[in-house]
2 protein chains.
Amino acid sequence: MGKPRARHAAHLPAARERIRAAGERLTAPRAAVLAALLASDAALTHHEVEDSLATSLAVDRVTVYRVLDWLVSLGLAHRIPGEDRTWRFGANRDDSHAPHAHFTCSRCGRTVCLEGVAVPPRVSLPRGYLPRRVELTVQGLCAACR
Amino acid sequence: MGKPRARHAAHLPAARERIRAAGERLTAPRAAVLAALLASDAALTHHEVEDSLATSLAVDRVTVYRVLDWLVSLGLAHRIPGEDRTWRFGANRDDSHAPHAHFTCSRCGRTVCLEGVAVPPRVSLPRGYLPRRVELTVQGLCAACR
DNA sequence: GGCCGAGATGCAATTCGGTTGCGCCGGCCT
DNA sequence: AGGCCGGCGCAACCGAATTGCATCTCGGCC
């Protein structure tokens with residue numbers, strides 16, 4: 001997709017560092033998966049993560065799922081539900097972990113985080129409803145598919 | 001879920017009218033599915049639709065899927081991707097079919113349309129990107145689950 | 001450096017939402 | 001009333017995600 005073949009190896013040290021900093025157990029699959037997310041500017045499906053890893057380190061499909069969930073629970077990544085009924089995962093690059101918008105291409109499915117789009121900080125809800133997270137997704141066509 | 005057991009029978013005439021008005025073929029499953037959506041103030045999963053229909057008219061699972069997709073393509077309903085990897089469907093009550101926000105309860109999965117929340121009409125995208133639809137979803141706890 | 005235990009990994013089987021192929025049936029046009 | 005186009009039901013299928021369990025390994029401890 002887009003990039004020729006992400007050099008996630010370059011992001012391995014950063015990935016390791018983040019896992020260490022979180023005080024969590026450092027394993028090869030964990031570092032590799034996080035590095036893959038860091039290396040990509042688009043949010044990846046479990047399958048894309050698996051493929052991206054295949055060349056350097058074979059990781060079981062189930063492990064990829066588990067590591068991704070684990071990254072999300074740690075706050076190191078976030079999960080985006082897609083139109084195609086699969087989840088995509090993106091690395092949380094800043095610790096602030098601020099709410100941000102996403103763009104999904106209707107044709108190629110590519111999903112990227114939008115930096116410049118403001119997510120409404122407050123919304124009016126029915127009585128008794130408690131907001132927790134606001135998700136803003138834009139559907140359309142990306143530059144390559146237009 | 002919320003309502004005691006939606007009286008979608010009361011919405012059957014309206015459902016039939018809408019299908020007729022669209023110039024489409026009127027069948028029992030189509031009217032029943034649309035009535036079920038109209039009767040509910042929350043967006044329904046295919047399964048909830050099926051259950052809601054079971055008491056009055058047994059409709060095959062596949063038919064429910066097909067009718068729901070058909071309603072979406074006709075603009076009579078809209079489809080919302082959920083956190084639980086299933087789709088929910090809500091009737092489009094006004095013809096204007098304006099973009100609107102949704103609220104999803106993290107605990108019970110109940111999804112409702114928010115009337116009072118403004119969806120940003122314009123967002124700034126990377127060069128070459130073409131927006132088509134903006135989706136705004138709020139996660140949190142509903143009044144019943146709080 | 002070697003040992004040990006909690007917990008991570010891999011494999012296989014399973015679940016489940018959604019889709020597809022196809023023959024029959026039923027709305028709707030004439 | 002007749003006929004045909006297309007919707008319906010049935011069954012088989014697909015692929016994303018999950019679970020159970022045996023094995024392996026990271027990282028603390030001696």
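Let's begin with an open sheet of 12 strands, in the order β2(A)-β3(A)-β1(A)-β5(A)-β4(A)-β6(A)-β6(B)-β4(B)-β5(B)-β1(B)-β3(B)-β2(B), with mixed pairing. Strands here are DSSP runs (E, at least two residues; helices are H or I, at least four), numbered from the N terminus, and two strands pair if DSSP finds at least two bridges between them. The model is predicted: local features need pLDDT of at least 70 and side-chain atom pairs 80 or more, while totals for chains, interfaces and linings use all residues. Residues are numbered from 1 along each chain as its sequence is written, with chains lettered from A and ligands numbered from 1 in written order.

**Exercise 1.** Work out how β6 of chain A is joined to β6 of chain B.

*Solution.* First, take residues 130-141 in each chain; these two strands run antiparallel. Next, count the bridges between them: there are 11. Finally, check one pair: A:P131 has B:G140 as its bridge partner.

**Exercise 2.** Describe the surface near DNA strand D.

*Solution.* Then sort by class: 9 are nonpolar, 6 polar and 6 charged (Ala, Val, Leu, Ile, Met, Phe, Trp, Tyr, Cys and Pro are nonpolar; Asp, Glu, Lys and Arg charged; the others, Gly among them, polar). Last, α4(B) gives the largest share, 4 residues.
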